[in-house]
Amino acid sequence: MAAYRRGKFSWRAFVSLYITWSALILLVSGVILYIAPAGRIAKWTHISLLGLEKEEWQAIHTIFSFLFVIAAGFHLFYNWKPFISYLKDKFKQAFALRKELYATTILTIAIFVLTLWNVPPFSTIYGYR
């Protein structure tokens with residue numbers, strides 16, 4: 001706990017807490033943008049959720065996404081040694097879990113490609129908006 005001494009500002013803690021708040025805002029704005037009607041309908045009807053219209057939610061989501069990526073870079077900078085140590089440990093474990101590593105890699109690539117190709121159920125989830 002020496003890094004969090006009373007009175008001394010901790011950039012590491014600041015970045016971690018900012019990422020947490022940003023993630024919560026991205027979660028809320030992402031859900032709202034998902035359930036909000038299509039652009040023209042939302043614009044013509046002036047539908048607002050929690051007091052903000054769709055364009056305002058889009059702006060919030062975009063800005064916080066951009067700043068989240070920057071903050072993640074700082075988070076990585078401030079936690080480089082623990083991150084490398086974590087990766088080394090996980091890399092060793094991954095080879096002990098080869099089947100799971102291969103399965104999750106193939107699943108991730110498949111979801112990525114099938115989403116780009118608009119294949120159900122991914123196109124259905126995205127098309128629901």
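This note goes through the predicted model point by point, from the overall fold to single residues.

1. **Basis.** The model is predicted: local features need pLDDT of at least 70, side-chain atom pairs count only at pLDDT 80 or more, and totals for chains, interfaces and linings use all residues. Residues are numbered from 1 along each chain as its sequence is written, and side-chain values use heavy atoms, with hydrogens and water left out.

2. **Fold.** The protein has 6 helices and 2 strands. Helices (H or I, at least four residues) and strands (E, at least two) are DSSP runs, numbered from the N terminus. Their order along the sequence is α-α-β-β-α-α-α-α.

3. **Burial and contacts.** The protein has 129 residues, and 12% of them count as buried. Buried means under 20% relative accessible area, exposed over 50%, and partly exposed in between (1.4 Å probe, protein chains only). Take the contacts between residues at least 6 apart in sequence: 61% join residues at least 24 apart. A contact here means heavy atoms within 4.5 Å.

4. **Surface.** The accessible surface of the protein is about 10,600 Å². Carbon and sulfur atoms hold 72% of that surface. Accessible areas come from the Shrake-Rupley method with a 1.4 Å probe; for residues, only the protein chains shown count as cover.

5. **Nonpolar patch.** Phe9, Trp11, Phe14, Ile63, Phe66, Leu67, Ile70, Phe74, Phe77 and Tyr78 make up a nonpolar surface patch. Together they have about 1,100 Å² of accessible area. Patches are made of residues with over 30% relative accessible area and no salt bridge: like charges are joined within 9 Å, nonpolar side chains (Val, Leu, Ile, Met, Phe, Trp, Tyr) within 5 Å. A salt bridge is a side-chain nitrogen of Lys or Arg within 4 Å of a carboxyl oxygen of Asp or Glu. Helix H1 (11-35) and helix H3 (54-78) each supply at least two of the patch residues. H3 gives the most, with 7 residues.

6. **Leu67.** This patch member lies in helix H3. Leu67 counts as partly exposed because its relative accessibility is 34%. Ser22 is 45 residues away from Leu67 along the chain, yet their C-alpha atoms are separated by 8.2 Å.

7. **The H5-H6 loop.** Two backbone features deserve a look here. Pro120 and Pro121 are joined by a cis peptide bond, with omega about 5°. Pro121 sits in the loop between helix H5 (98-116) and helix H6 (122-127). Asn118 is also placed between H5 and H6. Asn118 is not a glycine, but its phi is positive, at about 55°. With 52% relative accessibility, Asn118 counts as exposed.
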